[in-house]
Amino acid sequence: MNIPANLKYTKDHEWVSIEGDVATVGITDFAQKELGDIVYVEVDTLDQTLAKDEVFGTVEAVKTVSDLFLPLSGEIVEFNEELESNPELVNSDPYGAAWMIKVKISDASEIDSLLSSDDYKSLIGA
């Protein structure tokens with residue numbers, strides 16, 4: 001299982017990469033394997049400011065739909081439009097080409113509540 005050490009994680013199986021005051025968010029390798037073949041990614045919260053743990057979108061697999069929860073409060077400033085035509089990228093490259101959103105962080109103290117790669121490995125039993 002691929003769990004890059006340079007990223008932060010949530011209990012809801014999102015990964016977070018932080019550069020300055022912008023966080024890039026996607027779902028983990030574990031999450032995409034649990035969901036199965038991804039057929040659709042929807043984010044209808046672009047340009048909205050949401051609180052941590054609010055739903056920012058959904059990911060649809062062949063057999064299920066799963067909500068996506070915002071790991072840090074802030075404004076959703078970008079959506080990976082490549083996922084509209086190629087949602088399967090979530091299965092093939094969850095930590096690279098399949099990033100989902102970029103968030104302008106409004107409360108940097110929330111970063112401390114994210115999990116390290118070791119903490120995430122413990123959570124999923126890896």
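Student: Is Trp15 buried or exposed?

Tutor: Some conventions come first. This is a predicted model, in which local features need pLDDT of at least 70 and side-chain atom pairs count only at pLDDT 80 or more, while totals for chains, interfaces and linings use all residues. Residues are numbered from 1 along each chain as its sequence is written, and side-chain values use heavy atoms, with hydrogens and water left out. Buried means under 20% relative accessible area, exposed over 50%, and partly exposed in between, with a 1.4 Å probe and protein chains only. Trp15, with a relative accessible area of 3%, is therefore buried. Tyr95 has 16% relative accessibility, so Tyr95 counts as buried too.

Student: How many aromatic pairs are there?

Tutor: A pair of aromatic rings is described by the distance of the centres and the angle of the planes. Rings of Phe, Tyr and Trp (its six-membered ring) pair if their centres lie within 6.5 Å; planes under 30 degrees apart count as stacked, over 60 as edge-to-face and the rest as tilted. This rule gives two aromatic pairs. One of them, Tyr9 with Tyr120, is stacked, at 4.9 Å centre to centre and 15° between the planes. Tyr9 belongs to strand 1 (residues 8-9) and Tyr120 to helix 4 (residues 117-124), 111 residues apart, and the pair links these distant parts of the chain. Helices (H or I, at least four residues) and strands (E, at least two) are DSSP runs, numbered from the N terminus. Both Tyr9 and Tyr120 are buried.

Student: Why is the pair of Trp15 and Tyr95 called tilted?

Tutor: The ring centres of Trp15 and Tyr95 are 6.0 Å apart and their planes stand at 55°, so the pair is tilted. Trp15 is in strand 2 (residues 14-19) and Tyr95 in the loop between helix 3 (89-92) and strand 9 (101-105), so this pair ties together parts that are 80 residues apart in sequence.

Student: Which residues have the most contacts inside the largest nonpolar core?

Tutor: A nonpolar core is a set of buried Ala, Val, Leu, Ile, Met, Phe, Trp, Tyr and Cys residues joined through side-chain atoms within 4.5 Å. The largest has 22 residues, and those with the most contacts inside it are Val41, Phe56, Leu83, Val90, Met100 and Ile101. Strand 6 supplies the largest share of this core, three residues. Apart from it lies another core of ten residues, among them Ile3, Trp15, Tyr95 and Trp99.

Student: Which residues of helix 4 are buried?

Tutor: They are Ser117, Tyr120 and Ile124. Seen down the axis of helix 4, these fall within an arc of 60° (taken from the directions from the helix axis to the C-beta atoms), so they line one face of the helix. The face turned away from the buried side carries the exposed residues Asp118 and Ser122.
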